[in-house]
Amino acid sequence: MADFDSMTRYVSPVNPAIFPHLTLVLLGIGIFFTAWFFVYEVTSTKLSRDIKKELLLSLVASIFSGFGILFLLLTVGIYV
């Protein structure tokens, strides 16, 4: 069995001091793409919509918003 003294401590790849900054940046980008998607859906007609653009905008918005919420949870001390 391994000794505890020989083990190395786990270090996070992201410095916890920048969690609030990552939260603001990622959520800001997510809100931007969400608003773009909403404006695209409202202003385009049924015949002029492109499913590829809709899927791409919604995917990018959800990825950035998801990681933004993850870092928001980490910022307030909810370690998931």
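Helices (H or I, at least four residues) and strands (E, at least two) are DSSP runs, numbered from the N terminus. By that count, this protein has two helices and zero strands. Its radius of gyration, taken over C-alpha atoms, is 19 Å, well over the 12 Å that the globule rule gives for 80 residues, so the protein is more spread out than a compact globule. The globule rule is 2.2 Å times the number of residues to the power 0.38.

You are looking at a predicted model, where local features need pLDDT of at least 70, side-chain atom pairs count only at pLDDT 80 or more, and totals for chains, interfaces and linings use all residues. Residues are numbered from 1 along each chain as its sequence is written, and side-chain values use heavy atoms, leaving out hydrogens and water.

Now to the aromatic rings. Rings of Phe, Tyr and Trp (its six-membered ring) pair if their centres lie within 6.5 Å; planes under 30 degrees apart count as stacked, over 60 as edge-to-face and the rest as tilted.

| Pair | Centres | Planes | Type |
|---|---|---|---|
| Phe 32 and Trp 36 | 6.0 Å | 50 degrees | tilted |
| Phe 33 and Phe 64 | 6.4 Å | 5 degrees | stacked |

Phe 33 lies in helix H1 and Phe 64 in helix H2 (residues 51-75), so their pair ties together parts 31 residues apart in sequence. Phe 32 and Trp 36 are four residues apart in helix H1 (residues 19-43), about one helical turn. Phe 32, Phe 33, Trp 36 and Phe 64 form one aromatic cluster.

How covered are they? Buried means under 20% relative accessible area, exposed over 50%, partly exposed in between (1.4 Å probe, protein chains only). Phe 33 is buried at 18%, while Phe 64 is partly exposed at 28%.
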